[in-house]
Amino acid sequence: MTANPTAQTAATAALWLATHHKWHVLPLHPSTKRPLAGCTDCRNGDLHHADQCPCLARGNGALCHGVWAATNDTDVITRWASRWRTSVWAVHLGVSGLLAVDLDAHGGTAPAQPLNGLPWPDREPPPADGIDTYATLASLSGAALDTDTFATDTPSSGLHLVYTAEPGRWKSSRGYVRKGDDTVRTGLGWQIDIKAHGGYVILPGSTSTTGTYRRASNTVTPAPRPNWLADALTRTGHDRTTPPAPAAKAPAPVVAVDGHGPARYAASALRSACTELAAMQPNTGRNRKLFRSASRLAGMVEAGWIDRTGVETALAQAAQHAGLPAGEIRYALASGFKRPRPAPDIRSAA
Ligand SMILES: [Zn+2]
Ligand SMILES: [Zn+2]
C-alpha cells in the first residue's frame with residue numbers, strides 16, 4: 001500500500017480501494033460522468049435485470065447495466081483501466097456497503113423550509129449551501145457535523161461524505177427541488193442528496209471536464225454512519241426495509257416455477273406488460289397502464305403463480321424506462337397491488 005493512495009490517478013485509487021476496502025468500482029465517461037455504455041443486447045429493450053445478465057454473469061468485465069457492472073475484482077479493474085483510459089472512476093455505494101451524503105453548493109436562494117419534513121429553526125439564518133443545511137440538520141439531532149470519514153471535495157465546491165452502512169438498506173434520493181418551491185420534499189434537505197442503493201460517487205483523483213475531485217479527509221477509511229443519520233434517513237423515506245402496510249391476508253404459497261402452466265403464463269404476461277410499458281411516450285397513459293398491469297399481475301401473485309418482488313421490480317424498471325417519475329411508479333404499483341384482478345382460468349391452456 002502507498003502512503004497516499006487517493007492522491008494518485010483515479011484508476012490507481014479505484015484499484016487501491018477495491019483491494020483494501022473491497023469497494024465495487026467502475027469507470028465513468030469523463031464528460032457525462034455516467035457509466036460507460038454496455039453491450040447492445042443489454043442496452044436495447046432487453047428487460048432482464050443486472051442480476052440475471054448473461055454478460056455480467058460471465059464475469060469477463062462487461063460494462064453492462066451501468067453502475068451494476070461495478071466490481072472489486074482487481075483483474076477486471078486492471079483490464080478496464082487499460083482499455084478505457086478515462087480519468088473518472090466511481091464507487092457503487094450500495095453494493096459496497098456504503099452510503100454517501102452528497103452536499104452541493106450550487107448557489108441560489110434556499111427555500112423557506114430547507115429541511116425535508118422538519119421546520120427550519122427560527123434562530124438560524126437561511127443556509128448558503130448543502131453543507132450549511134446538513135450542519136443544521138445534525139445540530140437538530142444533537143450532533144455535530146462529523147466529517148472525519150472518507151470525504152471528497154467536488155470541482156463545484158460540493159462535498160461527498162462516505163460512510164459504511166447496512167448493505168441494501170438505504171435508498172438513493174429521488175426527485176429534485178423545483179424552482180420556486182418553498183418546501184423541500186426530496187433528499188434530506190436543500191442541496192443534500194443521499195446516494196446508496198444503485199448510487200455512486202466519483203473517487204478522488206478523478207478529473208472530469210468540470211475539474212478534479214480531491215480527497216477532503218485525512219483518513220481513507222470510511223466511518224460508520226452516525227446514528228442520528230439513520231433516523232433522518234428513515235423519516236425522509238430512504239429506508240428500503242420500512243415494512244409496507246400489512247397485507248389483508250397471508251401470502252399464497254409460491255408455486256414452483258417450472259416454466260409450464262400458470263408460472264409460464266404469468267412470466268409471459270409480465271414480459272409483455274413490461275415491453276409495452278417501456279415503449280410508451282409521455283401523456284399516453286403510462287400511469288394507467290402501470291396500474292392495470294400491476295393489478296392484473298397482483299392477481300397472479302395472489303394465486304401463487306409468480307413472485308411479487310420480481311413483478312414489482314420489473315414493472316418499476318419498465319415504467320422508469322418510459323420516463324415515469326419514481327413517486328408515480330410507487331403509487332401506481334401500490335394501488336394496483338391493493339386491487340388485484342383475479343387470475344384468469346387457464347386450466348385448459350396449461
Ligand atoms: Zn451485455
Ligand atoms: Zn444484461
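Predicted model: local features only at pLDDT ≥ 70, side-chain atom pairs only at ≥ 80, totals over all residues.
Student: Into which domains is the chain divided, and what distance separates their centres?
Tutor: The chain is divided into domain 1, residues 5-235, and domain 2, residues 261-338. Taken over C-alpha atoms, the separation of the two centres is 29 Å.

Student: How many residues does each domain give to the contact?
Tutor: The contact between domain 1 and domain 2 draws on both sides. On the side of domain 1, the residues are one nonpolar, two polar and one charged. The contact takes nine residues from domain 2 and, from domain 1, four residues.

Student: Is H7 roughly parallel or roughly antiparallel to H9?
Tutor: Helix H7 spans residues 261-278 and helix H9 spans residues 308-321, and their axes are 7 Å apart. The packing angle is about 20°. Angles under 35 degrees count as roughly parallel, so H7 and H9 are roughly parallel.

Student: Which hand does the crossing of H7 and H9 have, left or right?
Tutor: Where H7 passes H9, the crossing is right-handed.

Student: How do the residues of the contact of H7 with H9 divide by class?
Tutor: H7 contributes Leu270, Ala273, Cys274, Leu277 and Ala278. From H9 come Val311, Ala314, Leu315, Ala318, Ala319 and His321. By class, the contact has no charged residues, one polar and 10 nonpolar.

Student: Why is H1 described as roughly antiparallel to H4?
Tutor: Helix H1 (residues 10-21) and helix H4 (residues 74-83) have axes 10 Å apart. Angles over 145 degrees count as roughly antiparallel. H1 is therefore roughly antiparallel to H4, given a packing angle of about 175°.

Student: What classes of residue make up the contact of H1 with H4?
Tutor: On H1 the contact is made by Ala11, Ala14, Leu15, Ala18 and Thr19. H4 supplies Thr74, Ile77, Thr78 and Ala81. No charged residues take part, and the rest divide into three polar and six nonpolar.

Student: Which strands are the edge strands of the open sheet?
Tutor: The sheet has three strands in the order S1-S2-S7, with antiparallel pairing. From one strand to the next the twist averages 35°. An edge strand pairs on one side only, and this applies to S1 (25-28) and S7 (200-202).

Student: Which residue in S7 stands opposite alanine 90?
Tutor: Strand S2 covers residues 88-92 and pairs with S7 in the antiparallel sense over three bridges. Opposite alanine 90 stands isoleucine 202.

Student: At what angle does H1 run to S2?
Tutor: H1, which also packs with H4, lies across S1 and S2. Its angle to S2 is about 25°.

Student: How do H8 and H10 cross, and what is the class make-up of their contact?
Tutor: Helix H8 (residues 286-302) and helix H10 (residues 326-338) cross at roughly 35°, and their axes come within 7 Å. The crossing is right-handed. Asn287, Leu290, Phe291, Ala294, Ser295 and Ala298 of H8 meet Glu328, Ile329, Ala332, Leu333, Ser335, Gly336 and Phe337 of H10. By class, this contact has one charged, four polar and eight nonpolar residues.

Key. Residues numbered from 1 in each chain as written. Chains lettered and ligands numbered in written order. Domains from an automatic or database assignment. Contact = placed C-beta atoms within 7 Å. Nonpolar A, V, L, I, M, F, W, Y, C, P; charged D, E, K, R; others polar. Axes fitted to C-alpha atoms, helices over the stretch in contact; angles between N-to-C directions. Helix = DSSP H or I, 4+ residues; strand = E, 2+ residues; numbered from the N terminus. Parallel < 35°, antiparallel > 145°, perpendicular 65-115°, else oblique. Left-handed = near helix turned anticlockwise from the far one by under 90°. Pairing = 2+ DSSP bridges.
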